Amino acid sequence: MVFSSTLFLLYFLPAFLAAYLLTPVRYRNGTALFASLLFYAWGAPGFVPVVMLSLVADFYLVRHMAGQEGGPRRVSLWLSVALNIGMLAYFKYSNFFIDNLNALLAAFGGAPMSWTEVALPIGISFFTFQKLSYTVDVYRGGERPLQRLRDYLLYIMLFPQLIAGPIVRYSEIADRLTDRSPYETADNRLLGLFRFCIGLARKVWVANTLGAVADDVFALQGDELTFSNAWVGIVAYSFQIYFDFSGYSDMAIGLGQMMGFRFPENFNNPYAARSITDFWRRWHITLSNWMRDYLYIPLGGNRVGGFRLYANLWAVFLFSGLWHGAAWNFVVWGGFHGLFLVADRLFLRSLLQRMGRVPAMAITYVIVLFGWVLFRSENLVDALGYAARMLDFGQGWQCPQFGTDFWAILAVAAIICGSGSIGRVQRWQEKFLLREEVGLRGAVLLSIASGMLLVLCASMVVADGFNPFIYFRF
Amino acid sequence: MENRWKMMLLALPLALLWLPWAQQCFRLADEWPLHGHSEPSPAAEFTWESLLSGDFAQAFEQQLKELTGFRAHLIRLRNQVYFSLFDIAKANAVVVGKEGMLLDVEYIDAYYGSDFVGQDSLLRTMLRWKELQDTLLRHGTHAVLVFAPGKASFFPESFPEHLRRPQRPHTNYAFMRHLCDSLGVTTIDLKAHFHAMADTSRYPLFTRGGIHWSEYGATLAQVQLGSELGAMLQRPLDSIGLRIELSTVPRGTDDDIERGMNLLFKLPRDTLAYAIPAYSKTGHAPTLLAIGDSYYWNLFLNGFRDRLCRHGGFWYYFREAHPNEVFQGRNVDQLTLREEVLKNEVLLLMMTEPQLRRFGWGSIEALHTEFCTKKP
């Protein structure tokens, strides 16, 4: 079930909100858990037993670990890590591994291994990382383990952030898991609803419109893909992925806020970044933080120097690329960003700083665009072909013929992203996003704006796919 | 007190989420029907396999979308936003041209020759038709090819910029006309007739919001057809007097594109003319069978088949057979072609420009096989 579907928006969500708000406070976790299980089961009923089994096993393993010291504590830690990484490796990467092994065997004239492809449980990348963060935080002594299985299940399976994040660290919502009644206010619910509506609009109005054109451009073959098309296509994709992903995060954060949770922010005007280092402080922030705290720092972090630091940085990003998808182009994408992060440390960031704000932003954006080519393409060969077309300046610029809706929404997206570089706008955003109270006048504005956005977004969601012929065509 | 107000302000937008569900269950308000043709989703079939594979969920969601309360209103809202903000029609193959002229992309392609099927294909087709024409004449049936005018060829200046392109060397219409003249195929060129009238016609031959010729234009086409058929049969048909009614409320197909766009608000209205025919009842009324596209409906429903002609049948796209009382609800493939065709003095094959590439929807081949290839 996706948030931008008729089923979720006009059936699941109103039913859940009514059930949740009418449930007595002490039973609300149960209601939220039941709804979350239903949400997950709708999309992937076959995986529910597997996921539940792993959650139950992890819960008791971590609780057992919390009561141990020294060696046994470490063993429990590694058991939990192995369980989680093992599940992720099996479900997400085994097909990739076998495909590559078979390619290698074929290259040496060997017979391929027979293998039944494994299906991927929805959201496994996200909830695996959440489970790992819980395990490690408890191991490090920073947090006490949850006493009730129900609360742990709710932490992992809570439907707003289950499928696509943000990756919520246990420490970030530990207190609100067990008692969030001070935060379940009309103010928070209004703010949360508005945030949800903003996210929905970003997804259905901006991301989907730009994505349709990006898909068309990336499907072009040979000479059909011109220099101009290639640039417009990748710019469209850059906004599509941003508005899609950040829109989803907004919806998750908004829904969480309506329930009294405070999920972490996941994006901070990433296309206003002035270096790749800056970009990764603004893009998928919860993933970057996770990688930093659970991978980069344990590898040595900034405490090591020279070659080892750069190798660690690059390795973390290779792993990050692989986390995004089981294909070589994702790995290369991660490595591409890792290289620029190393370059930033060596010389690039100071060079960009000297160039000034706007040139630094422009250059960083172009680097990110080439990275998105790797991310979006079906494979490395296609990615190289696409990038080559982007560099084919000899073709000259010829404005591609796309619809007025595309150009208008592209302009709106560019203005929204560009305005994020303005200090005043950033400060206003931060102030608004951190609010948990609103005055009566503000509440009126939020109510009207939410209502209008809901209707407009519902129209897009319900109308999606309805494109009739004037007459029946034989 | 303030908190109570905030709870109410929260409840208002949340109530909007409940409205479609309430409408679906309790029919709170009448919904405007949606126009145009789209295939309904197949029913979601529940099996354990389909549940586990996710197929059931997908099919169920699609079906649910079509049953959602206020769906028509929400679709119209989406369509209106796209039309008002971006000049985009959310209907298949429809484009919004300059000055609000609504056009079908296929007609624009036909105008530029982008759908040209090739000289060889057209020559083969026209040779078959010529042979069929000659064979049918020996049986006493006149086969006539009618070129109906496509809207786009009358308003090329209205094409949106992104659909303009260089004219191709050949169009299906121009090449077929040339072949008809060379081979001696009997034709009635209503497209040329309309072009000749375009600058002098008192009333619109095409409406802004319609795909077809206007109802007024269709009546003029009827008059012209009657005149040319009479000359061909050497027996004049009824003369037709026209009484003109003016209206800003579109009738018949004069706003079929606009309706198919499913907007919230009506488009600005032009004054349209409706020519009410009066038949002299003094002329010959031939039995006539027409094979045609949707342009023929304007003639079929407005006196051509049962006033100007006699027992006029209409094989719509060579698939559906109309009227019911003549063909007893059968489709064309259930009829005996030879028997049905030979009942008629005239066999009319009428096509508009974008349909020319479809060679009469298989009718030319089927009839040629029946009359010219098959042994009786």
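The points below go from the interface to salt bridges, cysteines and backbone details.

1. A reminder before we start: this is a predicted model. Please read each value below as computed from that predicted model.

2. Let me begin with the contact between the two chains. Chain A brings 55 residues to the contact and chain B brings 59 residues. Together they bury about 5,200 Å² between chain A and chain B, and carbon and sulfur atoms give 71% of that area.

3. Polar links also cross this interface. Eleven residue pairs are in polar contact between chain A and chain B, with both residues at pLDDT 80 or more. On the side of chain A that touches chain B, at least two residues each come from α1 (6–22), α9 (186–218), α17 (404–419) and α19 (440–463). The largest share is that of α19(A), with 15 residues. Sorted by class, this side of chain A holds 38 nonpolar, twelve polar and five charged residues.

4. How many salt bridges cross the interface of chain A and chain B? The rule finds two. In one salt bridge, K65(B) pairs with D464(A), and their closest N and O atoms are 3.9 Å apart.

5. Are the two partners buried or exposed? K6(B) is buried, at 6% relative accessible area, and D187(A) is buried too, at 8%.

6. Over all chains, the count of salt bridges comes to 39. Within chain A, R389(A) bridges to D223(A), with 3.8 Å between the closest N and O atoms. R389(A) belongs to helix α16 (residues 380–390) and D223(A) to the loop between α9 and α10 (227–258), so the pair ties together parts of chain A that are 166 residues apart in sequence. R389(A) is buried, with a relative accessible area of 18%, whereas D223(A) is exposed at 70%.

7. A further salt bridge links D293(A) with R292(A), the closest N and O atoms being 2.8 Å apart. Here D293(A) is buried at 15% relative accessible area, while R292(A) is partly exposed at 39%. Elsewhere, R195(A), R202(A), D250(A) and E265(A) are joined into one network by salt bridges that share partners.

8. On to the cysteines. A search of the whole structure gives zero disulfides over all chains. For C399(A), the nearest cysteine sulfur is that of C417(A), 20 Å away. C399(A) is partly exposed, at 49% relative accessibility. C180(B) is buried, with a relative accessible area of 1%.

9. Two cis peptide bonds deserve a look. One runs from G165(A) to P166(A), with omega near 5°, and P166(A) lies in the loop between α7 (159–162) and α8 (170–178) of chain A. Another runs from H322(B) to P323(B), with omega near 0°. P323(B) is in the loop between β9 (320–322) and α13 (324–327) of chain B.

10. Positive phi angles turn up in chain B as well. R27(B), which is not a glycine, has a phi of about 50°; its place is the loop between α1 (2–26) and α2 (48–53) of chain B. Q328(B), also not a glycine, has a positive phi of about 50° and lies in the loop between α13 and α14 (337–342) of chain B. R27(B) is exposed at 55% relative accessible area, and Q328(B) is exposed at 54%.

11. Finally, two single residues. E99(B) lies in the loop between β1 (94–96) and β2 (102–104) of chain B and is exposed at 72%. Its C-alpha atom is 8.9 Å from that of R208(B), 109 residues apart along the chain. Q426(A), in helix α18 (residues 423–433) of chain A, is buried at 17%. Leaving aside residues up to four places away in sequence, Q426(A) touches N269(A), R282(A), G420(A) and S421(A).

Note on methods
Residues are numbered from 1 along each chain as its sequence is written. Chains are lettered from A and ligands numbered from 1 in the order in which they are written. This is a predicted model: local features need pLDDT of at least 70, side-chain atom pairs count only at pLDDT 80 or more; totals for chains, interfaces and linings use all residues. Side-chain values use heavy atoms; hydrogens and water are left out. Helices (H or I, at least four residues) and strands (E, at least two) are DSSP runs, numbered from the N terminus. Buried means under 20% relative accessible area, exposed over 50%, partly exposed in between (1.4 Å probe, protein chains only). A disulfide is a pair of cysteine sulfur atoms within 2.5 Å. Contact means heavy atoms within 4.5 Å. Buried area is the accessible area (1.4 Å probe) that two parts lose on being put together, summed over both. A salt bridge is a side-chain nitrogen of Lys or Arg within 4 Å of a carboxyl oxygen of Asp or Glu. A polar contact is a pair of N or O atoms within 3.5 Å; within protein, one must be able to donate a hydrogen and the other to accept it, and residues adjacent in sequence count only if both atoms are side-chain atoms. Ala, Val, Leu, Ile, Met, Phe, Trp, Tyr, Cys and Pro count as nonpolar, Asp, Glu, Lys and Arg as charged, and the others, Gly among them, as polar.
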